[in-house]
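Subject: The two-chain model, and what I found in it

Hi,

Here is the structure I promised you. Have a look at it first, then read my notes below with the picture open.

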Amino acid sequence: MFVESFVAALYLAFSPEVILYVAIGVMMGITLGAIPGLSGDMAIAILLPIVFFLEPAAALGLLTGIYKGGMFGGSISAISFGVPGTPGSAATAIDGYQAKLKGYPNKALNTALYSSVIGDTTSDFVLIFLALPLAIVALTFGPVEFFALYAFSLLLISALTKGKVAKGVAMAALGILLAMIGRDPIGGSIRLTFGIPELAGGLALIPVLVGIFAVSELIIQLGRAWMERARKIVDDTRRQAESLLGDYDSSKDKLTFREFRATWRATSIGTTMGTLIGALPGAGSSLAAFISYGLAQRFSRRGDEFGKGSLEGVAAAEAGNSATSGSTLIPLFAFGIPGSATAALFGAAFILMGMTPGPRLIYDHTEVIYALFLILIYANLINLALSHFLLPLYSKIAMIQSRILLPIVCVLAILGTFAAGNSVIDVWVLLFAGLLGVVLRLYNFPLAPLILGFIVAPGAERALRQSLLIGRGEWTHLLSSPIAIGLYATAAIMIITFTFVLRERK
Amino acid sequence: MFLSKTTRKGTAATAVAAMMAIAPTLGAASPLGTDPIRLVIPFGPGGGSDITARVLAATAPEFCGPRIDVVSMSGAAGLEAVNFVRNATPNGHTLLVTDYGPIVTSGYVDDVDWSHDDWQPVMNFTEWLPVVYTRPDHAIQTIEDWVAAAEANPDTITFGHASPLGLVHLPLILFEMETGLRNVHVPTSGGGETRSLVMGGHIDLGMTLPPSIASEVASGELTALGVFSQERSPILPDTPTFVESGYDVVLPAWLMIFATSDVPAETVAFLQDCFMEALASPTAVAMSNRVNAGIEPLNAADSTALYQATVASIGGILRDIGEID
């Protein structure tokens, strides 16, 4: 029975048509993921009706390809322009962009690619072989445990930068405040909108993300270019960059195996955390990437280099976000619960094909699901092959002079932001977030805690208030679960130890 | 492209032949021209409204003339979609597909510049019947268990539901008004979160719509206590209604297509006819069954009656709980 289904699945998964669809999907995903504002999820949503017209294996192949390509594509713009192409790659931007500024975009992109593929493949195997046990663990996460997890991640990231802990905490708080604009998740009333009805739904993630990172960068670059022009009038001897690429030397920018091996610890941390967090319904890839990044810095021998272009930082963040991609389907396969936006879209695709997500799925549609498992694995190889071929090109694009590149990126960002929600308000939010980003950069505030605060705040607030409702308003209810106590204790121990260790080093 | 692919799959060859015969005559008579029709939904993609609207978008072009796109606008808690349709040219090309939340409830509680009379129903897709459920190893397994437990210990039973005052919350409020029982209301981010909290043992009861739990109820992984409707849900035939247990609490949730009231009556009539014809086609019926959408279309007149009844009953509930004066 198993062998027969498996052989049938092999035929399905490796038919030339399906392989072609996977490759097209990966290509689309990489391209869309690389455009700030657009993401693989959006493309999946738009292409959903295709399941009416394609065979199930081909349709799932296309969607899987888009998803995986999009996961990696986000890191291309994060590294090249400092603009996370997708929310999941926000943590990648921290070190990836610094590496590019140092003239090593190719090293950073390759690190991102390999750690992504490693994280993703591991996560797919966990989905295939450990879905049920992990799903049962995931269900033990209720509001109390989730709040502890969110608190843990906020502490970890706020205390990321040495000497800037106060600024980090302030930024996390600002992120939480921005996320509270809109509808109160428990009472349903509108708050902090200052009478502007368009803000009733809150600020959307994509415009805030792209604004803080991309628009602020553009404004600063613009200011710098004007400063330089003004200086040039006085002193005309300024050296003209001769080619489009300035003085970028691609031959010095190759990732060696030794360099990649040095990121091994970071990649493993990212893979483990990403797989675990991905399996929790509602936690998401950006949280996984930030937690992986924070932990990798804590456990790195060269933690001081984080934030300054560390390849380990890139590896941890990318392995972390990509490792959610297989495990995010676990709650869907085990219980029919969509744990993320992507899982919800895959669930809708299954429903449109007449397959009900849940534990019966694998028994009722054995061949298609086995074929999907095979596709999940080999799509990574296609991603690896295609990206390997394309990365030298992307690295060159990354090094195009910013006065040419940034306006293009910004136009794409504005279009992408508009397209993501069909909303003009989002474009205004984007521009205001850009101005806020400029101010924060000028005063040297770290941006990552703000983004993480903004991302986790809705979940954290809901979890906190649900816990208090369930616990009849008793705050001690927050300590009623061993998992929660464990998370708080780990956070406390880590902060105390690392503060102590860092002080000794000085 | 759609025609050839469908034929290739051989699902509805006869329907396609019939469509081809009708299409040219309709195309000439269509008052809609060739610009696409947009079905705007105030929710994110992938949910029940999206899936149901896509069945229509895939089948109706042959009957109505132009292409049909499903556009998802979940901004401003759905009000952005409502305002977008409200401000579009009133020519029948921009329609709203929604349940009563963003249009009836929002019309009462939110600060909007339109009233309920500014909308006219074109057609109703289906009626969703809110259902209360729990895990099979929970002490509460029937409506009677729930009532007894809530009477013995008021304010202890935790009840998960999606956004406050939404489709799967108002029935609970109505039930509590009817019985005087009190539960702890725990809002969640949606059906998925409610279900993981119920299954993980974090809360006692949850409310959702039948298609999302039908297969788990059939396999015994979840227990459905009761449905807030006049008659039993065809998807959950073994689950009693609250009416059967003696509680007159009925609050089904429809999914309706709306035009603004300034769209000409003949355009609305044309849309109603071609949508109903499309949904009666064998292809649409096959698709609807496959996705468990339970589509049972109502024409514009019946939909209007249903809409006005809902506006009245929800207004009553909101007044009773003090949300509006």
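Let's start with a pair of strands in chain B: strand β6 (residues 158–161) and strand β8 (residues 205–208) run parallel and pair over 2 bridges. Two strands pair if DSSP finds at least two bridges between them. Within this pairing, B:Phe159 sits opposite B:Leu205 of β8(B). As for the names, helices (H or I, at least four residues) and strands (E, at least two) are DSSP runs, numbered from the N terminus.

Before going on, some housekeeping. This is a predicted model, in which local features need pLDDT of at least 70 and side-chain atom pairs count only at pLDDT 80 or more, while totals for chains, interfaces and linings use all residues. Residues are numbered from 1 along each chain as its sequence is written, chains are lettered from A and ligands numbered from 1 in the order in which they are written, and side-chain values use heavy atoms, with hydrogens and water left out.

**The sheet around β6 and β8**

Both strands belong to an open sheet of 5 strands in chain B, ordered β7-β6-β8-β5-β9, with mixed pairing. β7 (184–187) and β9 (223–227) of chain B have a single partner strand each, so one side of each has no neighbour in the sheet. On average, neighbouring strands here are turned by 30° against each other, direction ignored. (Axes are lines fitted to C-alpha atoms, for helices over the stretch in contact, and angles run from 0 to 180 degrees between N-to-C directions.)

What lies across β6 and β7 of chain B? Helix α21 (residues 448–470) of chain A does, running at about 170° to β7(B). Helix α7 (residues 143–152) of chain B also packs on this sheet, at about 85° to the direction of β9(B), and touches β5 (131–134), β6, β8 and β9 of chain B. Contact means heavy atoms within 4.5 Å.

**Another sheet in chain B**

Chain B has another open sheet of 5 strands, in the order β2-β1-β3-β10-β4, again with mixed pairing. Its edge strands are β2 (68–72) and β4 (119–128) of chain B, each pairing on one side only. From one strand to the next, the twist averages 25°. β4(B) pairs with strand β10 (residues 253–260) of chain B in the antiparallel sense, over 8 bridges. There, B:Glu127 has B:Trp254 in β10(B) as its bridge partner.

Helix α11 (residues 265–280) of chain B packs on this sheet at about 20° to the direction of β4(B), touching β1 (37–41), β2, β3 (94–98), β4 and β10 of chain B. α13(B) packs on the sheet too, touching β4 and β10 of chain B, but its direction makes about 85° with that of β4(B).

**Helix pairs**

Two packed helices are described by the angle between their axes and the distance between the axes.

α13(B) (residues 300–320) also packs with helix α6 (residues 101–109) of chain B, at an angle of about 40° and with the axes 10 Å apart. That makes α6(B) oblique to α13(B) (under 35 degrees counts as roughly parallel, over 145 as roughly antiparallel, 65 to 115 as roughly perpendicular and the rest as oblique). The residues in this contact include B:Ile103 and B:Tyr108 of α6(B), and B:Tyr307 and B:Leu318 of α13(B). By class, the contact has 8 nonpolar, 3 polar and no charged residues. (Ala, Val, Leu, Ile, Met, Phe, Trp, Tyr, Cys and Pro count as nonpolar, Asp, Glu, Lys and Arg as charged, and the others, Gly among them, as polar.)

In chain A, the axes of helix α3 (residues 40–47) and helix α16 (residues 341–352) come within 10 Å and cross at roughly 20°. That makes α3(A) roughly parallel to α16(A). Here A:Asp41, A:Ile44 and A:Ala45 of α3(A) meet A:Ala341, A:Thr342, A:Leu345 and A:Phe346 of α16(A). The classes in this contact are 5 nonpolar, 1 polar and 1 charged.

pLDDT is the predictor's confidence in each residue, from 0 to 100. Chain A averages 86, with 94% of the residues scoring at least 70. Residues 237–243 of chain A stay under 50. Chain B averages 87, and 90% of the residues score at least 70. Over residues 1–28 of chain B, though, the pLDDT is below 50. Where pLDDT is low, the predicted coordinates should not be read in detail.

Cheers
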